[in-house]
Amino acid sequence: MNAGKPPILRTIGLMSGTSLDGVDVALIESDGEAIAGFGPTGYRAYTADERAVLARALDEAGGLTDRAARPPALAEAEAVVTRAHADAVAAFLLENDLSRADIAVIGFHGQTVLHRPALGLTVQLGDGAALARATGMPVIHDMRAADVAAGGQGAPLVPVFHRAIARMAGIAPPLAILNIGGVANVTFIFSDESMLAFDTGPGNALIDDLLRERLGLPYDDAGAIGARGSPEEPLIDWLMRHPYFVAKPPKSLDRNWFSHRMVGHLDTLDAAATLTAFTLRSITAALDHAREKPARWIVAGGGARNTALCEALGQHLQTRLTPAEAAGWSGDHLEAQAFAYLAMRALRGLPITYPGTTGVAAPMTGGVLAEPDTEEGNLPKS
């Protein structure tokens, strides 16, 4: 082996998105630059009680002015998030016959409950030190804070990973990688391999919130409910005049900037159709900011399973969307894999954010390293 070349190591990434469904787990092999391979993936769902705790924390987080503050609802949610992630890691290792010694580092995103970079605030619940003690492995956490403190948006963080997997797959730019999670974001990779990335607007969150409240359903399966309704176009036109959509990227969006209750006057079918069309319009508008038209769009995240949305997007973008799986990627675990990759980059001091992805003045690394104690630790009792 070349002594000057960093070793290829195994890292685990953990992601809990704004849809509050559960914890995604993924293993990759990387030196922080190239991706040598993808390992197994896993998932640990939040229970109904855990989701209720997280929902209360989201409500309470809106009043935060100190990112380190943990009023009761947030403190309870942080303990829930940390225990759930520790459970997810323990189950993942057992299921895949892996030991702690096999893993160089864990990338721990945590649960975003507030993201207002203009105010210097971004809060991802999750106790990195407690997770390191519980798992017995080093943990990189709080990956957005340094970028926000330096004047960046702190999001999206995954573009450098998108570029790495595109290179690994031999997919030539110009390329767009669209992730439709609770909030939707896009990475444009141009012919010179420079990047532009930003949150396009709401993804699944508003639709999920509506159907959970009205019908007790976790999401709109294949977009079938929204497809049966008629969108209220004047409302969507008005929403698209929001300052966020006028602003030039890089830019990022807090999950709670928009509410499903803005369609409260509509019946369920039309409400779902309107929220779906809002997501579609905001994604389509993202193309206005790209200096090159992508030759290919790859779509990942839970929204990739919303068939009606993706078909309509293809029509509006005048292209066929390629599901991440068709490109040989894991659509459901792409972000978990990204945080495994980001953890390795952070461990090596490599940049994870860039002027074109978060608006920070210069490329910079991020994250906080928590090392496990010499004795195995336990999570705090709730």
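User: Where is Ile35 found?
Analyst: Ile35 is found in strand 3. Bear in mind that this is a predicted model.

User: Buried or exposed, that Ile35?
Analyst: Ile35 has a relative accessible area of 8%. The cut-off for buried is under 20%, so Ile35 counts as buried.

User: What does Ile35 touch, leaving out residues up to four places away in sequence?
Analyst: Ile35 touches Glu29, Ser30, Phe161, Ala164, Ile165, Met168 and Tyr341.

User: And how far apart are Ile35 and Pro250?
Analyst: They are 26 Å apart in space, C-alpha to C-alpha, and 215 residues apart in sequence.

User: Back to the strands. How do strand 2 and strand 3 pair?
Analyst: Strand 3 covers residues 35-45 and pairs with strand 2 in the antiparallel sense, over 8 bridges. Within that pairing, Ile28 stands opposite Phe38 of strand 3.

User: What sits between those two strands?
Analyst: Strand 2 and strand 3 form a hairpin with 4 residues between the strands. Gly32 takes a positive phi there, near 95 degrees.

User: How do strand 1 and strand 2 pair?
Analyst: Strand 1, residues 9-16, pairs with strand 2 over 7 bridges, in the antiparallel sense. Leu9 stands opposite Ser30 in strand 2. These strands also form a hairpin, with 5 residues between them, and Leu20 in the turn has a positive phi of about 60 degrees.

User: Phe161 and Tyr341 came up as contacts of Ile35. How are their rings placed?
Analyst: The structure holds 9 aromatic pairs. In the pair of Phe161 and Tyr341, the ring centres are 5.8 Å apart and the planes are at 55 degrees, so the pair is tilted. It links distant parts of the chain: Phe161 is in helix 5 (residues 159-169) and Tyr341 is in helix 12 (residues 334-347), 180 residues apart.

User: Are those two buried or exposed?
Analyst: Phe161 counts as buried at 0% relative accessibility. Tyr341 counts as buried too, at 2%.

User: What about Phe245 and Phe258?
Analyst: Their ring centres are 5.8 Å apart, with the planes at 25 degrees, so this pair is stacked. Phe245 lies in helix 9 (residues 243-246), and Phe258 lies in the loop between helix 9 and helix 10, 13 residues apart. Phe245 and Phe258 are buried.

User: Which aromatic cluster holds Phe245 and Phe258?
Analyst: One cluster is formed by Tyr244, Phe245, Trp257, Phe258 and Phe278.

User: Which charged residues sit over rings?
Analyst: Lys251 lies over the face of Tyr244, at 4.6 Å from the ring centre. The charged end of Arg163 sits over the ring of Tyr354, 5.7 Å from its centre.

User: Switching topic. What is the strand order in the open sheet of 5 strands?
Analyst: The order is 9-8-7-10-11, and the pairing is mixed. Strand 9 (195-202) and strand 11 (321-323) stand at the edges with a single partner strand each, so one side of each has no neighbour in the sheet. Neighbouring strands are turned by 25 degrees against each other on average, direction ignored.

User: How is strand 8 joined to strand 9?
Analyst: Strand 8 (residues 183-189) and strand 9 run antiparallel and are joined by 7 bridges. Val183 has Pro202 in strand 9 as its bridge partner.

User: Which helix lies across strand 9?
Analyst: Helix 10, residues 268-286, lies across strand 7 (175-180), strand 8 and strand 9. The helix runs at about 160 degrees to strand 9.

User: Where is Ala224?
Analyst: Ala224 is in helix 7, residues 224-227. At 41% relative accessibility, Ala224 counts as partly exposed.

User: Last one: what span should helix 2 have?
Analyst: Helix 2 (residues 72-95) has 24 residues, and at 1.5 Å a residue it should span 34 Å. Its end C-alpha atoms are 35 Å apart, which agrees. Just after helix 2, Asp97 takes a positive phi of about 55 degrees.

How values were computed
Residues numbered from 1 in each chain as written. Predicted model: local features only at pLDDT ≥ 70, side-chain atom pairs only at ≥ 80, totals over all residues. Heavy atoms only, no water. Buried < 20%, exposed > 50% of the residue type's maximum accessible area, 1.4 Å probe, protein only. Pairing = 2+ DSSP bridges. Axes fitted to C-alpha atoms, helices over the stretch in contact; angles between N-to-C directions. Contact = heavy atoms within 4.5 Å. Phe/Tyr/Trp six-rings, centres within 6.5 Å; stacked < 30°, edge-to-face > 60°. Lys NZ or Arg CZ within 6 Å of the ring centre and 35° of its normal. Expected span 1.5 Å × (residues − 1).
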